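Here are my notes on the structure you sent over. Have the sequence and the 3D view open while you read, and look up each residue as it comes up.

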Amino acid sequence: MTMDATIMVLPGDGIGPEVTAEARRVLAVIGERFGHRFEFATGLVGGASIGACGVPLSAETLEACRRADAVLLGAVGGPRWDGAGVRPEQGLLALRRGLDVFANLRPIRVSDALVGCSTLKPDIVRGTDLLFVRELTGGLYFGPKARRRSPGGGEVAVELCRYSTSEIERVTRRAAALARSRRGKLTSVDKANVLETSRLWRETVSRVVRSEFPDLELEHVLVDACAMHLLRDPRRFDVILTENLFGDILTDEAAMLAGSIGVLPSASLGIPGGPGLFEPIHGSAPDLTGTGLANPYGAILSAAMLLRYGLGLVPEADAVEGAVEAAWNEGHLPVDLRSVERPGPEKGSGTKSIGTEIVRRVRSAARTREPIAS
């Protein structure tokens, strides 16, 4: 069935424009070969938006994102804005809140082709296939903040971590539904031995799962223990549900299981019918900007998640993911995945050459809708 869809592209800062360009190429060829009509619109966010209009996210750009069927984002931030009163990251937070994309999905699947790229032992990481569901629009990142002079000298900074029952319920339902579609195990992460928000989190998760998803295996793990288990035995996890700050930290740690943060995608989803936000979890990597060496796999796999979760195009998403797997198997790896000794070319593949390789494979597979052959 042919689909018409508008995809808003927000390249952002640093390597963001370079990696989103390759993801957009892949989406365009998917549209071409599967008979869809994708219309791309482009907007500014982060530092690029500050430079152009003085704010990290304009009202016009946010409204354009709301009207779109899906939003593809690159990365925001960089050292040039350190210490500035207006920061690029404020645009990202405003975008997440403005779209109300409260559930952030971050899959961590260790491909057999990348087992040797991890700094951990192969027998630890091999076979890892887990999914983080991170609450994305609450907690410390969105609570009131203050900074003031202390009467005794120096300064005092205050941030409020706030969660409501309804916020916890809705992200729990999303995570539990995903666990039900996978291996049936849900791990909820908190710090209930210390934090009141975590005690509410644990109570609410337990009640929702017990009453609505009694078929699931539910466990509660403290965040510090979870950090340890991720490196000791990552295969014990299936779906991991976390609040905002904990999820941000743990997913960066878990990226090392897959070899590099550069290969990891994400999907941020809200209520059905609203546009999702799809972006690689890496940062703007200003040191790689303009070198042609940025890793586009996270952005390309985010495009696959856009197809799967944003537009409901499952075979098309499978085609992209299959193309990436085949490229990995043949050694098309960027420099950040060649930091450990492994066979293949001495130098890693460049941003554009990787994009070209995925486009070639997707075009060939999409023509016949058959599985991609390496």
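Predicted model: local features only at pLDDT ≥ 70, side-chain atom pairs only at ≥ 80, totals over all residues.

1. How many cavities of 30 Å³ or more does a search of the whole structure find? It finds 1. The volume of this largest cavity is about 40 Å³. To find it on screen, pick out Y163, T197, S198, W201, E243 and F246, which line it.

2. Which helix gives the most to that lining? That would be α7, which covers residues 196–212 and supplies 3 residues. If you sort the lining of the largest cavity by class, you get 3 nonpolar, 2 polar and 1 charged residues.

3. Now for the cysteines: a search of the whole structure turns up 0 disulfides. As a reminder, a disulfide is a covalent bond that joins the sulfur atoms of two cysteines. Take C65 as an example: its closest cysteine sulfur belongs to C53 and is 13 Å away, so the two are too far apart for a bond. The cut-off for calling a pair a disulfide is 2.5 Å between the sulfurs.

4. C226 is in no disulfide either, and the nearest cysteine sulfur, in C161, is 17 Å away. Are C65 and C226 buried or exposed? C65 is buried, because its relative accessible area is 0%. C226 also counts as buried, because its relative accessibility is 0%.

5. Next, have a look at strand β5, residues 129–135. It is mostly covered, with 6 of its 7 residues buried. Strand β4 (residues 103–109) pairs with β5 in the antiparallel sense, over 7 bridges.

6. Which residue in β10 is the bridge partner of F132? It is I240.

7. Last stop: S349, which sits in the loop between α11 (314–329) and α12 (351–368). Why does S349 count as buried? Its relative accessibility is 17%, and the cut-off for buried is under 20%. Leaving out residues up to four places away in sequence, S349 touches H332, L333, P334, V335 and I354.

Terms used:
Residues numbered from 1 in each chain as written. Heavy atoms only, no water. 1 Å grid on protein atoms, 1.4 Å probe; cavity = no way out; pocket = protein on both sides within 12 Å on 5 of 7 lines; lining within 4 Å. Points joined across faces, edges and corners; volume = space filled by probe spheres on them. Helix = DSSP H or I, 4+ residues; strand = E, 2+ residues; numbered from the N terminus. Nonpolar A, V, L, I, M, F, W, Y, C, P; charged D, E, K, R; others polar. Buried < 20%, exposed > 50% of the residue type's maximum accessible area, 1.4 Å probe, protein only. Pairing = 2+ DSSP bridges. Contact = heavy atoms within 4.5 Å.
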